[in-house]
Amino acid sequence: MNKSTGVLLIAMLTAGTAWADDGVQAHIEEGKGVIKAFFGALKGELVKGMKEHGPVNTIATCSKVAPSLAAGHSQMSGWEVARTSLKLRNPDNAADAWETAVLHEFESRKAAGEDPMKLVKAEVVEEKGRKVFRMMKAIPTAEVCTKCHGEAIADPVTAKLDEFYPQDKARGYKVGDLRGAFTLKKSL
Ligand code: HEC
């Protein structure tokens with residue numbers, strides 16, 4: 001192979017890689033948009049509920065609104081949209097094997113110094129013989145979250161949580177801890 005053929009080959013390989021990346025990158029950008037819309041809607045409901053009714057009454061709203069917003073945003077976007085965690089409040093939000101592995105990966109990446117606000121994982125995987133694009137984005141714990149997920153939850157809030165979620169494990173979080181992640185899925 002002479003020098004110019006070599007350069008051409010490298011140029012082609014690089015271009016090929018760039019094209020492949022562009023495909024995934026476009027899905028990631030689209031996924032981020034879906035997460036932003038879903039998160040925005042959730043946060044809006046949460047802030048409104050906390051302001052107008054306080055945490056005890058927002059639990060009941062949250063138990064209905066969060067799953068229906070996830071369903072609505074799935075229908076609207078064509079992605080499967082949900083939230084999950086290693087320590088669940090609602091057992092319906094349970095992580096599958098891929099999600100569990102990613103949640104552990106996020107914990108190690110955060111421990112290694114990555115910004116928890118920017119932890120994202122995207123991958124094309126095969127499920128039942130079909131290609132599926134999967135993506136997760138970490139959800140760090142903010143101050144407002146500790147009212148219902150923190151270490152010192154007020155007694156009336158605890159009582160309401162016990163009533164709605166007898167198997168609740170989503171307590172004891174400190175500001176900055178990873179509460180869970182958004183999880184998205186789309187058949188290719
Ligand atoms: C008013 C109480 C309340 C507050 C405040 C609150 N949550 Fe929750 N959270 C809930 C309830 C109730 C559920 C269960 C919703 C469901 O049934 O899907 C939940 C579920 C979740 C889940 C889904 C995984 C699971 O454990 O089932 C995540 C992730 C989550 N919350 C993150 C947060 C974050 C981040 C904040 C702060 C921005 C926050 N929550 C603030 C009550 C609250």
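## Surroundings of the ligand

Around the ligand there are 22 residues, of which Arg89, Asn90, Cys145, Cys148 and His149 come nearest, a residue being counted as near if one of its heavy atoms lies within 4 Å of the molecule. This is a predicted model, in which local features need pLDDT of at least 70 and side-chain atom pairs count only at pLDDT 80 or more, whereas totals for chains, interfaces and linings use all residues. Residues are numbered from 1 along each chain as its sequence is written, and side-chain values use heavy atoms, with hydrogens and water left out.

By class, the shell around the ligand is made up of 14 nonpolar, four polar and four charged residues; here Ala, Val, Leu, Ile, Met, Phe, Trp, Tyr, Cys and Pro count as nonpolar, Asp, Glu, Lys and Arg as charged, and the others, Gly among them, as polar.

## Iron and polar contacts

The iron atom of the ligand has His149 as its only protein donor, through NE2 at 2.1 Å, where donors are N, O and S atoms within 2.8 Å of the metal (3.2 Å for Na, K and Ca) and sites may look incomplete, as water is not among the atoms. His149 lies in helix H3, helices being DSSP runs of H or I with at least four residues and strands runs of E with at least two, numbered from the N terminus.

Polar contacts are pairs of N or O atoms within 3.5 Å. An N or O atom in the side chain of Asn93 is 2.8 Å from an oxygen atom of the ligand, and a polar side-chain atom of His149 is 2.9 Å from a nitrogen atom of the ligand. For Tyr165, an N or O atom of the side chain is 2.9 Å from an oxygen atom of the ligand. Two or more residues of the shell come from each of helix H1 (3–77), strand S3 (130–140) and helix H3 (146–149), and H1 gives the largest share, seven residues.

## The largest pocket

The ligand takes up the space of the largest pocket, since that is how a molecule sits in a pocket: more than half of its atoms lie within 2 Å of the grid points. A pocket is an open set of points on a 1 Å grid over the protein atoms alone, where a 1.4 Å probe fits, with protein on both sides within 12 Å along at least five of seven lines, and lining residues have an atom within 4 Å of a point.

The volume of the largest pocket is about 1100 Å³. Its lining has 42 residues, with Phe39, Leu42, Leu46, Arg83 and Ile139 nearest the centre, and H1 supplies the largest share, 19 residues.

## The second largest pocket

The second largest pocket has a volume of about 190 Å³. Among its 13 lining residues, Ala70, Ala82, Arg83, Asp92 and Asn93 are the closest to its centre.

Note on methods
Polar contact = N/O pair within 3.5 Å; in protein donor to acceptor, adjacent residues only side chain to side chain. Points joined across faces, edges and corners; volume = space filled by probe spheres on them.
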